[in-house]
Amino acid sequence: MSLNTDDHRHKKRKIVRVERESENLRPLQKPLGGGGGAKLALKMGGNADEKQRRGSRAQDRRPSKNGPESKKKSVLKNGTMNAAAQLVGGSATATTNDTVVPNSSRRLIVVAGSYEKILYGLEIEPQKRKMNGEDERADFTPVFAFPAHISCVKAVAASRPSGKWLATGGTDETIKIWDLRRRKELGTLQQHQGSITQLSFPTRTHLISTSEDGTICVYHTRDWAVLATLRGHKGRVNDVAVHPSAKVCLSVGKDRTLRMWDLMRGKGSGSVKLGKEGEVVRWLPSGTRIAVVSESALDIYSTKMAMLQTIRHSTRIQDLHFCRAPNGRELGLVAAEDKLVTVYLMPPSVEDGEGTSVPVVATLIGHINRVKAIESITIQNTTYATSVSSDGQVHLYDLTNVLAASAQSDPLAVHPLAVYDTKGSRLTCVTVTDCGDVEMTSSTGLQRKRKQSEASDDEEVYAGQEDDDEEEEDGDEEDEEDDEGNDD
């Protein structure tokens, strides 16, 4: 009788552990693995001896790479990836390949938000291309798609380089923080009392948010504490832009002012009345000029907030992004109602900007509705731009030829390198970051190289998981004692 009972308890404990592993890997189907009650950050509590004890226990109990536990987790991970692919209408079958990809191969992850509350995550290796007629094409791989907020997703931002943090904000007045590498939700920031309008990671250690409540908040990613709350706008703050030095930032809002903030002291340092509502504000990559968008006008200012010139676009501008060519030229990517992303070649200096015409060197084509957002990233000397539109499509463009285009020649028409169709979602915002190097091996398939910092993060998470496992085992032992008492 007792032997049968022990066997039953052993099987019961084994089943519980498998379920726990499945829950840890569930984020590919649900909100990146977290619920609303998830902790904002995992920390190792207790004194130094307790930390050392937990760390050694985590090391001893960590499953081996070739053991049965690793195979079990691999099966669960592949299964959830396929489920996520079915959810977003794509394919993500895990396979092994004997082909060795060079270490220079990099993977990008594109995250887009929508009016329908859905957050889309797509991965792509832009260097892995195939010919489609006369054009080269790459393929997006869907990673996740789920309702991240209870209302419209208005802003997304990912930290760089080797993106770890993802922040999303919506009209539900909350900011959600995700671990993009582990596909887990860390928690929710509820500092604002209005819809979130913009998010930005100026560095890997800081997050900035703006809201309709008229405030700008600065957070530290170590513990997600609020370092400063900047107040000065009367009404909604539409956008914020941090200087390349990360010492000052600009903001525009419904009060028709352009404000400059000293991030070193957490105070305002100047403002100017625009006479119209600024919708988008950006620093040029050189940090010597400022661009402010109001409807179809793109106004260029000096760092002293003096007007230099105005660029008139044909239709209302939805978003603006700047990138720099290898030769130092600065280009402005304008996403607008005309279903295009128009690329302007900016004058090389402040003096040249006064009264100088700004030529169009290229147009990024392919969307069939207004382009809502645009962002670019440079990896291994190649610049890519990603755009989202109300037509529900995500595009990725290779800007190599655009950055080298001449102002004297006709504008280039650039087709997308990759396209992903969300099947009708009205996309609102987009961010892109890199995932690090990718290797392909015959035994393990795709694997990402982890840095030492990631390894230390792993040990911290394992220590936290060991505490949960220990509590579970204690609970099981109590159940066993109760069962034995009942048997007696």
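Two strands pair if DSSP finds at least two bridges between them. Helices (H or I, at least four residues) and strands (E, at least two) are DSSP runs, numbered from the N terminus. This is a predicted model, in which local features need pLDDT of at least 70 and side-chain atom pairs count only at pLDDT 80 or more, while totals for chains, interfaces and linings use all residues. Residues are numbered from 1 along each chain as its sequence is written, and side-chain values use heavy atoms, with hydrogens and water left out.

Figure 1. Of its 488 residues, 48% are buried. Buried means under 20% relative accessible area, exposed over 50%, and partly exposed in between (1.4 Å probe, protein chains only). Contact means heavy atoms within 4.5 Å. Take the contacts between residues at least 6 apart in sequence: 53% of them join residues at least 24 apart.

**Figure 2. Strand β19 pairs with β18 and with β20.** β19 covers residues 289–294, and six of its six residues are buried. Both faces are covered. R289, A291 and V293 lie on one side, with I290, V292 and S294 on the other. β18 (residues 280–283) pairs with β19 in the antiparallel sense, over four bridges. Here W283 has I290 of β19 as its bridge partner. Five residues separate the two strands of this hairpin, and G287 takes a positive phi near 75 degrees. β20 (residues 297–302) is also antiparallel to β19, with six bridges between them. V293 stands opposite L298 in β20. The β19–β20 hairpin has two residues between its strands. In that turn, E295 has a positive phi of about 55 degrees.

**Figure 3. An open sheet of four strands runs in the order β6-β7-β8-β9.** The pairing is antiparallel. β6 (153–158) and β9 (184–189) stand at the edges. Each has a single partner strand, so one side of each is left without a neighbour in the sheet. Neighbouring strands are turned by 20 degrees against each other on average, direction ignored. Axes are lines fitted to C-alpha atoms, for helices over the stretch in contact, and angles run from 0 to 180 degrees between N-to-C directions. β6 and β7 (residues 165–170) share five bridges. V153 stands opposite G170 in β7.

**Figure 4. D172 sits in the loop between β7 and β8 (175–179).** D172 is buried yet has no salt bridge. A salt bridge is a side-chain nitrogen of Lys or Arg within 4 Å of a carboxyl oxygen of Asp or Glu. Lys and Arg count as positive and Asp and Glu as negative; His and the chain ends are not counted. The nearest side chain of opposite charge is K176, 5.7 Å away. The side chains of D172 and H149 are joined by a polar contact of 2.9 Å. A polar contact is a pair of N or O atoms within 3.5 Å; within protein, one must be able to donate a hydrogen and the other to accept it, and residues adjacent in sequence count only if both atoms are side-chain atoms. Leaving out residues up to four places away in sequence, D172 touches H149, I150 and S151.

**Figure 5. Q380 and K423 each have a positive phi.** Most residues other than glycine have a negative phi. Q380 lies in the loop between β26 (371–379) and β27 (382–389). Its phi is about 50 degrees. Q380 counts as partly exposed because its relative accessibility is 40%. K423 is in the loop between β30 (418–421) and β31 (427–441). Phi of K423 is near 65 degrees. With 67% relative accessibility, K423 counts as exposed.
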